Amino acid sequence: MSESVNSYVVLVVDDSLDTLALLHDALVESGYTVMVADNGESAIQISMDASPDLILLDALMPEMDGFTVCKQLKKDLNTRHIPVIFMTGLTESEHVVAGFAAGGIDYVTKPLSPIEVIARIQTHLKNSKLINQTQSALDAFGQAAIAVLPDSGKVVWQTPLARQLMGNYLETDDQGMQPETPEALRNWVNQLHQGGKARISPLIINNPSGRLIFTAADLHSEDQWLILLREESETAQIEALRAVFNLTNRESEVLHWVILGKTDKSIGEILGTSPRTINKHMEHVLTKLGVETRTSAASLAVNKLRSVSGNNIN
């Protein structure tokens with residue numbers, strides 16, 4: 001890797017003390033900070049407390065096996081982003097499949113080759129860093145985005161805004177997490193996957209207050225696909241107008257209804273105020289948008305929002 005690995009923390013989980021010692025010494029010699037756990041419960045607690053950059057996880061352990069550990073880590077928003085590489089002495093396909101189904105990204109077989117393990121770690125830490133940088137950038141710009149696994153459609157991370165929107169439009173638990181990927185989203189991703197990444201219409205989920213649109217943004221990676229979310233609703237458009245043109249809440253409401261062709265009298269009735277007050281708000285809107293007429297304001301607003309969203313405003 002191009003940078004020092006000293007900043008990376010790897011958690012090794014195995015009930016075999018010999019395996020722990022072997023990997024601890026090899027990783028430390030390679031410059032990693034290493035933490036160890038000899039059972040599943042300790043692994044989960046350390047992961048929550050220390051948030052390691054990667055976990056090497058024994059698949060078969062007494063009491064709580066690695067598959068169960070990984071599933072619990074992937075259910076928690078604080079630990080679901082941590083890459084998990086399974087270690088197992090079993091090569092049967094069902095165990096490999098079980099590891100990936102639990103949320104693992106790779107596996108190595110015992111007896112372990114430290115050189116191979118370190119090579120796998122380097123690859124996945126590099127990928128994880130790029131993904132985290134992308135997610136941080138999306139978070140910073142308030143973008144609603146999720147990453148999914150191409151072969152299963154499973155959501156592996158989501159920005160705060162995406163989590164909020166999915167909570168509004170899809171069934172979630174009290175923590176705003178999806179116990180499993182919604183069927184509609186999973187089927188849509190499967191269409192993308194089976195269609196050889198061919199152009200497929202966006203996924204649209206409707207509810208009484210609006211609709212949530214999923215659009216494929218980046219399908220080039222074999223590991224994770226980036227999906228952008230956009231809400232189309234009265235509330236969403238008013239908020240977009242406020243943010244794009246630096247309007248007050250009331251000014252953005254007035255502009256929204258002007259776009260829809262309403263008169264000052266009609267807008268006043270909708271918002272519970274007088275036409276004269278609406279006219280005053282509209283004067284402020286014209287000044288902020290740098291235009292002279294309501295028609296120009298509406299046209300500018302619609303075109304701007306189209307350029308921002310990349311789609312038509314309904």
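**Note on the cavity, the ring pairs and a histidine**

1. The largest cavity has a volume of about 70 Å³. A search of the whole structure finds one cavity of 30 Å³ or more. A cavity here is a set of points, on a 1 Å grid over the protein atoms alone, where a 1.4 Å probe fits but cannot get out, and its lining residues have an atom within 4 Å of a point. Grid points are joined across faces, edges and corners, and the volume is the space filled by probe spheres set on the points.

2. This is a predicted model, in which local features need pLDDT of at least 70 and side-chain atom pairs count only at pLDDT 80 or more, while totals for chains, interfaces and linings use all residues. Residues are numbered from 1 along each chain as its sequence is written, and side-chain values use heavy atoms, with hydrogens and water left out.

3. The residues that line the largest cavity include Phe67, Phe86, Phe100 and Tyr107. At least two lining residues come from each of β4 (84-88), α4 (93-101) and β5 (106-109); α4 gives the largest share, four residues. Helices (H or I, at least four residues) and strands (E, at least two) are DSSP runs, numbered from the N terminus. By class, the lining has seven nonpolar, four polar and one charged residues; Ala, Val, Leu, Ile, Met, Phe, Trp, Tyr, Cys and Pro count as nonpolar, Asp, Glu, Lys and Arg as charged, and the others, Gly among them, as polar.

4. The structure holds two aromatic pairs. In one, the ring centres of phenylalanine 67 and phenylalanine 86 are 5.3 Å apart and the planes stand at 45 degrees, so the pair is tilted. Rings of Phe, Tyr and Trp (its six-membered ring) pair if their centres lie within 6.5 Å; planes under 30 degrees apart count as stacked, over 60 as edge-to-face and the rest as tilted. Because phenylalanine 67 lies in helix α3 (residues 66-75) and phenylalanine 86 in strand β4, the pair ties together parts 19 residues apart in sequence. Both phenylalanine 67 and phenylalanine 86 are buried (under 20% relative accessible area, with exposed over 50% and partly exposed in between; 1.4 Å probe, protein chains only).

5. The rings of phenylalanine 100 and tyrosine 107 have centres 6.3 Å apart and planes at 85 degrees, so this pair is edge-to-face. Phenylalanine 100 is partly exposed at 39% relative accessibility, and tyrosine 107 is partly exposed at 32%.

6. Histidine 256 is in helix α9 (residues 249-259) and is buried, with a relative accessible area of 5%. Beyond its neighbours within four places in sequence, histidine 256 is in contact (heavy atoms within 4.5 Å) with Glu234, Gln237, Ile238 and Leu241.

Terms used
On a 1 Å grid over the protein atoms alone, a cavity is a set of points where a 1.4 Å probe fits but cannot get out, and a pocket is an open set with protein on both sides within 12 Å along at least five of seven lines; lining residues have an atom within 4 Å of a point.
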